[in-house]
Amino acid sequence: MVLLIQSSTGGTTSSAVKKAGAAAGEVGKRTGNRLEKVGAFFHGIYEYLVSAEFLANIIVAIIVIALGVLSYAVLARGVPLILSWRREQRRPLDAEDRARIKRQDTAITLGRNALRYVIFLVVALFVVSLFFRSTLATLGGAALLAAVVGFGAQSFLRDIIAGFSIIFEGQYNVGDFIQIH
């Protein structure tokens, strides 16, 4: 950057040019230092992404996710078998037996959904802890997120609990029709 300043008599002021040149050089050095820091930051990210540690974390994360999906599949099929194990199919079912079976089916569905969320949460926390070595910070962030969701979904959770009470007390069951006047 060249700056030329002329005085009112038409001559150049050499001291002003030197000062402007020095200021421009200082700005260039500061900008260069900052760009070097940004370049070093991105170079560090690149080095981590091609490192053996990152590739090992990716492989372990894939294995953990696969184990989570496999365990959910096994448990989602096994829990209904356990809960419906004592069902007798030999005799005709009366209204009370049908209501009991509906409540069992509802409990099975709710158990599957709860199981899915628990397994997802455990797998997600494990994978995050692989990449961010501070497990305590990960758990703290998850607790904060759970608190925010809990406070934000209070009425929703209250409705779910009331729904459980209605279903398990037998006031009416899944599949029943009600008429409101």
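The model is predicted. It holds three aromatic pairs. A pair of aromatic rings is described by two quantities, the distance of the centres and the angle of the planes.

**Aromatic pair F41 and F42**
- The ring centres of F41 and F42 lie 5.3 Å apart, and the planes meet at 70°, so this pair is edge-to-face; the angle is over the 60 degrees required for that class.
- Both F41 and F42 are exposed.

**Aromatic cluster Y48, F54 and F131**
- Y48 and F54 also form an edge-to-face pair, with 5.2 Å from centre to centre and 65° between the planes.
- Together with F131, the residues Y48 and F54 make up one aromatic cluster.
- Y48 has a relative accessibility of 30%, so Y48 counts as partly exposed.
- F54 has a relative accessible area of 16% and is therefore buried, since buried means under 20%.

**Charge over a ring**
- R116 places its charged end over the ring of Y117.
- The distance from the charged end of R116 to the centre of the Y117 ring is 6.0 Å.

**S129 in helix 3**
- Helix 3 spans residues 95-131 and includes S129.
- S129 is buried, because its relative accessible area is 17% and the cut-off for buried is under 20%.
- At 2.7 Å, the side chain of S129 reaches the backbone oxygen of F126.
- This distance of 2.7 Å between S129 and F126 falls within the 3.5 Å limit for a polar contact.

Conventions:
Residues numbered from 1 in each chain as written. Predicted model: local features only at pLDDT ≥ 70, side-chain atom pairs only at ≥ 80, totals over all residues. Heavy atoms only, no water. Phe/Tyr/Trp six-rings, centres within 6.5 Å; stacked < 30°, edge-to-face > 60°. Buried < 20%, exposed > 50% of the residue type's maximum accessible area, 1.4 Å probe, protein only. Lys NZ or Arg CZ within 6 Å of the ring centre and 35° of its normal. Helix = DSSP H or I, 4+ residues; strand = E, 2+ residues; numbered from the N terminus. Polar contact = N/O pair within 3.5 Å; in protein donor to acceptor, adjacent residues only side chain to side chain.
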